[in-house]
Amino acid sequence: MTMQRTPLLMSKLLDRGAWIAPDEEVVTRTAGGTHRQTYADTRRRAAQLANGLIDHGIEFGDRVATFMWNGWRHLELYHAVPSIGAVLHTLNIRLGAGDLEYIVNHAEDRIIFVDADLLPILERLVPAIPRVERYVVCGDPDAEPWETSLPDAVDYEEFISGFGDGIEWPEFDENAPLGLCYTSGTTGNPKGVMYTHRSTYLHTMAEAMTDTLNLSAADCACGVVPMFHAMGWGLPFAATMLGAKQVMPHRFMASEPLLDLIASERVTISAGVPTIWQGVRALLEASPDRHDLSALDRLVCGGSAPPISLIRWYWDTHRVEMIQGWGMTEMNPLGTVSRRIAKRSQLALDEDARFANVAKAGLLSPGLEMKIVDEEFRPVPHDGKALGELLVRGPWVCSEYYHDPQPEKFRDGWLVTGDIASIDPEKYLIVADRSKDLVKSGGEWISSVDIENHIVGLEGAALAAVVAQPHPKWDERPVALVVSAPGAELTGDRVIAHCAERFARWQLPDEVLFREALPLTSTGKIDKKAVRAELEAEGYRLPDLRRDAPSARSA
């Protein structure tokens with residue numbers, strides 16, 4: 001052995017930002033403006049917070065929960081909690097009461113830090129979460145003083161006041177737990193994924209790479225993806241490591257205040273789900289000269305596949321590169337990334353060919369492995385056409401769920417993702433659908449994602465969801481639910497005709513239903529489970545007109 005065995009602990013990365021860029025800013029939107037503090041301030045306050053947690057009796061491995069928006073105090077918790085060896089448990093504020101109660105009790109959280117505007121939600125849960133010892137309330141400095149019925153509640157500033165800012169972070173095994181995130185599963189209780197220092201350290205380094213998100217200390221990063229969702233896709237950790245300026249929208253995530261923040265703070269990179277960037281596009285189209293986006297260089301889009309029309313619009317209109325990322329909570333969460341130019345061989349491609357690649361889920365992050373298999377777990381060829389279930393493994397992929405192993409989700413060291421995908425000869429991952437969202441008609445698969453993205457490319461279509469409905473002859477047939485853009489006059493026939501430009505007749509939706517809105521999940525994706533439930537509650541039945549639609553085999 002010739003090299004030092006320094007443990008891969010996140011405290012070493014998180015301290016770096018304050019070390020190299022002590023005067024760089026962390027900016028948070030507030031009710032009355034913005035809150036600003038430097039990285040030096042953030043490191044000092046994180047040390048005070050850590051000493052306050054230790055004084056309360058928080059020990060190695062104890063769970064400290066957050067019920068918070070993206071903001072400077074949440075970043076201090078990201079820094080302090082893992083650095084003392086405790087576990088940061090980010091609670092999804094958009095989950096229902098039943099799921100939240102289960103998660104808090106399953107994790108055995110000792111303390112919950114909560115933003116003051118979220119107090120009413122948490123107050124209703126108190127009788128069902130008796131193990132929580134303390135509630136720490138984070139008030140908005142520009143809002144009215146908070147009041148709460150939470151027992152033994154204390155203000156954040158009071159909780160850390162009186163404690164020194166000197167601390168020497170302890171050293172421990174790099175495989176120690178760091179953060180706990182729960183999936184918003186469609187069946188059964190949510191499943192916990194326990195990130196480790198090693199997994200998060202390696203994920204942070206990989207995420208910052210040039211061919212991944214191309215992060216640097218010169219960036220100004222605005223994470224719109226919530227810090228309570230898969231650790232904000234790792235962006236708060238990576239930006240803090242680099243000493244990049246961070247801009248946090250708190251609860252002000254509507255398109256107009258978000259755009260104002262991005263423009264005024266000269267944001268260079270932001271990250272969020274497709275519905276965020278679709279809303280921003282609509283506002284930019286309505287007021288094209290209002291916002292100066294000259295500093296904005298790239299947008300990271302994940303959670304669900306963005307339509308190619310959206311990707312292309314940002315580039316053609318604003319020269320902003322949209323980076324598509326695919327991953328899962330179980331993967332810390334980044335798995336693949338699709339860039340406009342991902343290989344030297346693509347320099348000679350025309351724009352259409354480049355964007356055809358960006359529409360794919362992307363190339364594998366360094367350090368990970370993936371494969372696609374059939375129902376017998378036999379390898380499927382990488383021809384870009386053959387579909388199989390996607391399996392992944394690597395140093396930031398979980399090997400079991402927290403206190404709920406579920407071995408059927410893990411096979412021979414691989415995570416069974418539940419995604420149906422193909423891999424093309426260039427090794428791009430192409431995710432067809434979640435296995436539960438594919439439409440199986442006449443023995444052939446139809447990708448709901450492909451149809452949805454094509455519909456959204458139609459002028460006047462704001463959102464689309466395609467779901468399977470039972471059919472007496474073909475087993476299932478697709479039905480499209482569409483939200484029109486304000487002022488647009490769309491018809492079902494026009495949507496079907498648009499789809500017929502790309503898809504075979506047997507793949508076309510049997511019916512197009514127009515809706516004022518579509519239900520979204522706690523992470524901003526269209527909630528297909530809720531869409532199917534609404535149709536069932538309405539007593540929806542497929543129209544008789546297309547009962548004899550041709551099968552895939554005869555088309």
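Strands are DSSP runs of E at least two residues long, numbered from the N terminus. On this basis, P333 is placed in the loop between β14 and β15 of the predicted model. The peptide bond that leads from N332 into P333 is cis. Its omega is near 10°.

β14 covers residues 321-327 and β15 covers residues 334-338. Their pairing is antiparallel and extends over 4 bridges. Within it, G325 has V337 of β15 as its bridge partner.

Both strands belong to an open sheet of 9 strands. The order is β2-β1-β11-β10-β12-β13-β14-β15-β16, and the pairing is mixed. The edges are formed by β2 (34-38) and β16 (363-364), each of which pairs on one side only.

Strand β12 (residues 269-272) lies between β10 and β13 in the sheet order. Towards β10 (residues 220-223), 3 bridges are found, and the two strands run parallel. I269 has R298 of β13 as its bridge partner. Both faces of β12 are covered. On one side, I269 and A271 are buried. On the other, S270 and G272 are buried.

Two or more lining residues come from each of α9 (255-264), α10, α11 (308-318), β24 (461-471) and β25 (475-484). The largest share, 8 residues, is supplied by α10.

Rolling a probe the size of a water molecule over the atoms shows where empty space is left. Across the whole structure, 3 cavities of 30 Å³ or more are found. The largest cavity has a volume of about 80 Å³. Residues N70, A221, G223, V225, M227 and G232 contribute to its lining, as do L235, P236, A239, Q246, V247 and M248. At least two lining residues come from each of β10, α8 (235-242) and β11 (245-248).

Helix α2 spans residues 39-56. At 1.5 Å a residue, its 18 residues should span 26 Å, and the 25 Å between its end C-alpha atoms agrees with this. At the start of the helix, a side-chain oxygen of T38 comes to within 3.3 Å of the backbone nitrogen of A40. Just after the helix, G57 takes a positive phi of about 110°. The buried residues of α2 are Y39, T42, R43, R45, A46, A47, Q48, L49, A50, N51, G52 and L53. An α-helix has 3.6 residues a turn, so residues three or four places apart point the same way. Among the buried residues of α2 are Y39, T42, A46, L49 and L53.

D152 has a phi of about 55°. Its place is in the loop between β6 (134-138) and β7 (153-155). With a relative accessible area of 46%, D152 is partly exposed, because this class lies between 20% and 50%. D412 has a phi of about 50°. This residue lies in the loop between β19 (410-411) and β20 (414-423). At 67% relative accessibility, D412 counts as exposed, because the value is over 50%.

R339 is placed in the loop between β15 and α12 (351-358). Its relative accessibility is 9%, so R339 counts as buried under the 20% limit. The R339 side chain makes polar contacts with backbone oxygens. One is the backbone oxygen of T210, reached at 3.1 Å. Another is the backbone oxygen of T212, reached at 3.1 Å.

Notes. Residues numbered from 1 in each chain as written. Predicted model: local features only at pLDDT ≥ 70, side-chain atom pairs only at ≥ 80, totals over all residues. Heavy atoms only, no water. Expected span 1.5 Å × (residues − 1). Buried < 20%, exposed > 50% of the residue type's maximum accessible area, 1.4 Å probe, protein only. Polar contact = N/O pair within 3.5 Å; in protein donor to acceptor, adjacent residues only side chain to side chain. Pairing = 2+ DSSP bridges. 1 Å grid on protein atoms, 1.4 Å probe; cavity = no way out; pocket = protein on both sides within 12 Å on 5 of 7 lines; lining within 4 Å. Points joined across faces, edges and corners; volume = space filled by probe spheres on them.
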